[in-house]
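Please look at the sequence and the structure before reading the points below.

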Amino acid sequence: MIEQYMKYLKEYDGAPVTLMEVCGSHTAAIAKSGIKTVISPKIRLVSGPGCPVCVSPSGYVDQLIHLALEEGATITTFGDLMRIPGSKYTLNEIKGQGGKVEMVYSPMDVIRLAKEHPQTRYVFGAVGFETTIPVYTVLLDAVIAEKLTNLQILTALKCMPPVIDWLCEGGAKIDAFIAPGHVSVITGSDYYIPLAKKYRIPFGITGFQPKELVAGIYGIVRMLEKKEELLAQGEVLVKNFYPSVVTPQGNEKALAKINGYFEPGPAVWRGMGNIPDSGLYLRPEYAAYDAGSRGLDDDRKINQACRCDQVLMGKISSKECPLFARVCSPLSPQGACMVSSEGSCYQNYLNRGN
Amino acid sequence: MIVTMAHGSGGAATSELIRDIFARSFDNDVLNEMEDSAVVPGSGRIAVTTDSFVVTPIEYPGGDIGRLCVCGTVNDLLMRGAVPKYLTCGFILQEGADTEVLKRIVESMAATAREAGVKVVAGDTKVIEGNGGMLINTAGVGFVPEGIEVSAKSLKPGDVLILSGDLGDHHAAILGSRLSISNDIVSDNAPLTEMVGNLQADKVNVHTMRDVTRGGLATVLKELAASSGVVIALEEDKIPVKQSVKDFCGLLGLDPLYMGNEGKMIAAVPRAEAEKALSAIRRAAYGEKAVVIGEVYDPASAPAGKAGDLLLTTPIGGIRQLDVLQGEGLPRIC
């Protein structure tokens, strides 16, 4: 089957199509698979705002830095967040200047730290999309159960549909979306139906292995070819090519937990602006666990020529940015897309020879 | 007992530490002289190297800083075709270090030195302020037999590249232990003495050897491609990685091609000698999974790429151009 799909994608000679993935793991998986080198140039794959670290605004990083320098406080966070620039510094740089920052793998490690060091105020930098947010609800459960008073979270949590809506509304030249596999495990594939209907645009939920990518991209291109026919038959343009782990309804238990702790609110996406209802914030009854996450809207570029925003919107490729691979590289990222291994510029930098 | 600043004073406490821990474990004729410097026999072409070890945690699944510091230095000597003979070690202990732990580390170091066929002939201990950590510097001396010419610049078009075993074990073991991720991955830290010895005994014409340490396979091979002005082409399907390490990498968003190893090497040999080299490596300790993973091309006749390129054919036939490691290889967020 896969060989047939590969042959089809290689020989595709229909209308040029642009597929956008909105998941950092897809960005990395597509680069690692080398799939762009074996499909028709008429099928263009672009990376959208799928890396939660990349889209966190500088104001959020500045607040983490502010807390890291506070007497008696320690920031804990995941690896990638260490390197994202605030308005002036990164957490990594602040660590070198006496800021207290600890990298952890699981938020649950912070529970152990907070219990071991009751005199230290711990703040967990909680960044993520629908995939990661359930983990933070487990953390909050533990904080409440253990009656910990020295552990809070500083959130930059975001949801996919509002930003996809924003991209389509803004006239981004995208023909279809490679819908995020991990996010969809939580949200379910039905999550995309309203957007597919509103913009008559196909969504294909896709896995991450090279063969799963081939199957998903093939399925999406076929949907595009038969789009009018499918719409005339009243079909919804959402297909699940990752049925081994994604269901139509998703993980309802996890979704209920998310809604229990968090409520929607406006959120700034780095370089893109404020998108209504695209963020999630702790509900007022849980305010005691929030280290001040609302209103961190400041969004400054460290280099005015940085065009991460247009890269994230699929308007230009990384190579069209004047800084790319010149002053901007993974060792000295000028914009957020170059920071994370899930950022589109980072992956394009590694594969810049292709 | 807990190490204090007194253990670095050069006085009674230092002597006690040397006598009870270092001299007891390393015990050999040269060291036992206890002079200001070691005088050792040997002549010819001498290989010299040094390396510092700062790994955290100092004891990890499958090894410890003691085993690591011997393997790292011995393997660096071996990669030039030298026969390792002597090691020196400098211990920098932070006050608060536990002498029981130190004993275990030194004993592990001594056992690994015996395995690798080297003597620890000189040493030094200092104590600094801190919280119980331990850093080690080792230097190594070896002798290069007549007729052996192995260098990073000797890669030739037509060579095949042999990898001596699975990638990523050491990196995953350290990171797993640092991040408290339970798994059954153990470090591959090992001296490659027997492997290189077999290649020399079988008179395999080895052009280049490199141990695949920090930066991983991709970084090492990209540097080799650049220093020899050739194109290196690898096949991803042929590169051995344990399923547990693949899963670990998947979880953290790491790439086994960029993960460090401490008991793996790459050998470049002419195609006609590939079978001979494979058999020499496979019958040595730590080499049973050796496999050919790629080839070296003249840029003019390579199927793709230009001088200095490292290309990887993916399982779906895509081509990835690999660069050296960028940044520090942090785990990603989701």
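Chain A is divided into domain 1 (2–52 + 161–240) and domain 2 (58–160 + 250–289), where the bounds come from an automatic or database domain assignment. This is a predicted model, in which local features need pLDDT of at least 70 and side-chain atom pairs count only at pLDDT 80 or more, while totals for chains, interfaces and linings use all residues. Residues are numbered from 1 along each chain as its sequence is written, and chains are lettered from A and ligands numbered from 1 in the order in which they are written.

**The two domains of chain A**

- The C-alpha centres of domain 1 and domain 2 of chain A are 30 Å apart.
- Between these domains of chain A, 17 residues of domain 1 are in contact with 19 residues of domain 2; two residues are in contact if their C-beta atoms, placed from the backbone, lie within 7 Å.
- On the side of domain 1 of chain A that touches domain 2, α7 (160–169) and α8 (181–187) of chain A each supply at least two residues; helices (H or I, at least four residues) and strands (E, at least two) are DSSP runs, numbered from the N terminus.
- α8(A) gives the most to that side of domain 1 of chain A, with 6 residues.
- By class, that side of domain 1 of chain A has 13 nonpolar, 4 polar and no charged residues. Here Ala, Val, Leu, Ile, Met, Phe, Trp, Tyr, Cys and Pro count as nonpolar, Asp, Glu, Lys and Arg as charged, and the others, Gly among them, as polar.

**An open sheet in chain A**

- Five strands of chain A form an open sheet in the order β2-β1-β7-β8-β9, with parallel pairing; two strands pair if DSSP finds at least two bridges between them.
- The edge strands are β2 (43–47) and β9 (238–240) of chain A, each of which pairs on one side only.
- From one strand to the next, the twist averages 20°.
- Strand β1 (residues 17–21) and strand β7 (residues 176–179) of chain A run parallel and are joined by 3 bridges. In this pairing, A:Glu21 stands opposite A:Ile178 in β7(A).
- Helix α10(A) lies across β1, β2, β7, β8 (203–205) and β9 of chain A, at about 155° to β7(A). Axes are lines fitted to C-alpha atoms, for helices over the stretch in contact, and angles run from 0 to 180 degrees between N-to-C directions.

**Strand β5 of chain A**

- In β5(A), 8 of its 8 residues are buried. A residue is buried if 20 or more other C-beta atoms lie within 10 Å of its own, exposed if 12 or fewer, and partly exposed in between, with C-beta atoms placed from the backbone.
- In a regular strand the side chains alternate between the two faces of the sheet.
- One side of β5(A) carries A:Arg121, A:Val123, A:Gly125 and A:Val127, and the other carries A:Tyr122, A:Phe124, A:Ala126 and A:Gly128; all are buried.
- Strand β3 (residues 73–77) of chain A pairs with β5(A) in the parallel sense over 4 bridges, and A:Ile75 has A:Val123 as its bridge partner in β5(A).
- Strand β6 (residues 151–158) of chain A also runs parallel to β5(A), joined by 7 bridges, and A:Val127 stands opposite A:Ala156 in β6(A).

**Where the chains meet**

- Contacts link 34 residues of chain A with 21 residues of chain B.
- α2 (24–33), β5 (121–128) and α10 (210–225) of chain A each supply at least two residues of the side of chain A that touches chain B.
- That side of chain A has 16 nonpolar, 13 polar and 5 charged residues.

**Chain B**

- The domain assignment of chain B gives domain 1 (5–144) and domain 2 (159–322), with C-alpha centres 28 Å apart.
- Within chain B, 22 residues of domain 1 are in contact with 19 residues of domain 2, and α3(B) gives the most to the domain 1 side, with 9 residues.
- Helices α3(B) and α4(B) pack at an angle of about 30°, with their axes 7 Å apart.
- The residues of the contact of α3(B) with α4(B) divide into 10 nonpolar, 3 polar and 1 charged.
- In helix α6 (residues 193–201) of chain B, the buried residues are B:Thr193, B:Glu194, B:Met195, B:Val196 and B:Leu199.
- Just after α6(B), B:Lys203 takes a positive phi of about 55°.
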